[in-house]
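Subject: Structure handover

Hello,

Here is the structure for you to look over. My notes follow below it.

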Amino acid sequence: MPAGAHDPARPPASQEGLEALLEILPHRHKPGLRAALSGPDPSRPNYGHVFVRQELLASALGLIGLGPSWIRPGEPIPIRFDLEYDARLGPRLVISASDWPTPAQAAADAELRRSLEEQGRWWQSRAPERLRQLFALVPEDDGPRWAALALQLQNLDECRIVSLAVRPVDLDDADAVHQALRDAAEFIQWTGADAVLVVTGDRRTGGRAFSDPRVVEAACDLGGALITLAGPVPTLVDALAWRSSPIPGAVQAAIEEVLRGELTRADRPRLDRIEEVLTRPRMAPGIEAWPSDAPF
């Protein structure tokens, strides 16, 4: 090969990392599982095949956050390779699950957004002027991102500042998420809730529920402000939110910003006058007068 050229059949060793797809191939005469490692572009050569026992592959995938349900023939598993340098240990190869959509999935997402824009249904929600009621779609098993934010929202609820309604849902079930968003829209309609929080970041790695057309359409038709606690890779539902962040503290800051806005806009002189009228005595001490209500 020419000097400085890169062999397309080998992953590059760089600080930028490598996105790849691990696909479990159909069973053949050899025991165990056969997998192919390829780049995200199907037109490029693959990186090779590997034969491995199923229990070993399941253990390896578990280490990077993927469950046994991913070990299915024909479904590519997005993974990422990074090369890190340690001053004491030297270079280390880091393998992690990748949540970025494949080129085909990204094209489908772009087409769905374009279609909704043409229909006039796609619009990014605006921050609410006040936040007295919040409807939250959270993971059934209390994911790590929701766990980091829940205590702060529960404190606002206990202090009777923000009324919090929590709806646990399976974030990897598109049907369940779709129904939960419809319930959120009805909640807004009947109670006048100010915003909906969706914890999209606690879905499983590679989950596509928040790019499902029915889910995205339900988010478009929510009828209220949307805020999302996202993952490292944003989804179409995250793009509809007035504020979306993978950091729980940033979502909490956005909520507190709305509350500070309420304080800024409050008509304090008027509130002081109301308090003065309602709390001061009706008559000066020592002055006799007829009672305001007759005894008959």
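V166 counts as partly exposed, because its relative accessibility is 42%; the classes are buried under 20% relative accessible area, exposed over 50% and partly exposed in between, with a 1.4 Å probe and protein chains only. V166 sits in strand β7. Helices (H or I, at least four residues) and strands (E, at least two) are DSSP runs, numbered from the N terminus. Leaving aside neighbours within four places in sequence, V166 is in contact with A136, V138 and W146. Contact means heavy atoms within 4.5 Å. F135 is 31 residues from V166 in sequence, yet the two are 6.1 Å apart in space, C-alpha to C-alpha.

Before you go further: this is a predicted model, where local features need pLDDT of at least 70, side-chain atom pairs count only at pLDDT 80 or more, and totals for chains, interfaces and linings use all residues. Residues are numbered from 1 along each chain as its sequence is written, and side-chain values use heavy atoms, with hydrogens and water left out.

The whole chain

The chain has 8 helices and 10 strands. Of its 296 residues, 35% count as buried. Take the contacts in the chain with a separation of 6 or more: residues 24 or more positions apart account for 64% of them.

P139 belongs to strand β6. P139 is buried, as its relative accessible area is 3%. Its contacts, leaving aside neighbours within four places in sequence, are W146, V169, L171, V199 and D202. P139 and L171 are 32 residues apart in sequence, and their C-alpha atoms are 6.0 Å apart in space.

D142 lies in the loop between β6 and α3. Its phi is near 50°, a positive value in a residue other than glycine. D142 is exposed, with a relative accessible area of 52%.

Helix α3

Helix α3 covers residues 144–158. Does its length match expectation, or depart from it? The expected span is 1.5 Å times one less than the number of residues. The 15 residues should therefore span 21 Å, and the end C-alpha atoms are 22 Å apart, which agrees.

α3 also bends, by about 35° at A150. The bend at a residue is the angle between axes fitted to the seven residues ending there and the seven starting there.

Which residues of α3 are buried? They are W146, L149, A150, L153 and L156.

R160 follows α3, in the loop between α3 and β7. Its phi is near 55°, again positive in a residue other than glycine. R160 counts as exposed, at 79% relative accessibility.

D172 is in the loop between β7 and α4 (174–191). D172 is partly exposed, with a relative accessible area of 36%. Look at its side chain: one of its polar atoms lies 3.0 Å from the backbone nitrogen of R204. Leaving aside neighbours within four places in sequence, D172 is in contact with R203, R204, G207 and A209.

Strand β9

T228 lies in strand β9. Is T228 buried or exposed? Buried, because its relative accessible area is 0%. Its side chain makes a polar contact with the side chain of S244 (2.7 Å). A polar contact is a pair of N or O atoms within 3.5 Å; within protein, one must be able to donate a hydrogen and the other to accept it, and residues adjacent in sequence count only if both atoms are side-chain atoms. Leaving aside neighbours within four places in sequence, the contacts of T228 include L197, V198, V237, A241, S244 and V251.

Cavities

A cavity is a set of points, on a 1 Å grid over the protein atoms alone, where a 1.4 Å probe fits but cannot get out. How many cavities of 30 Å³ or more are there? The count comes to 2. The largest cavity has a volume of about 60 Å³, where volume is the space filled by probe spheres set on the points, joined across faces, edges and corners. Its lining includes W123, S125, C220, L226 and L240; lining residues have an atom within 4 Å of a point.

Best wishes

Note on methods:
1 Å grid on protein atoms, 1.4 Å probe; cavity = no way out; pocket = protein on both sides within 12 Å on 5 of 7 lines; lining within 4 Å.
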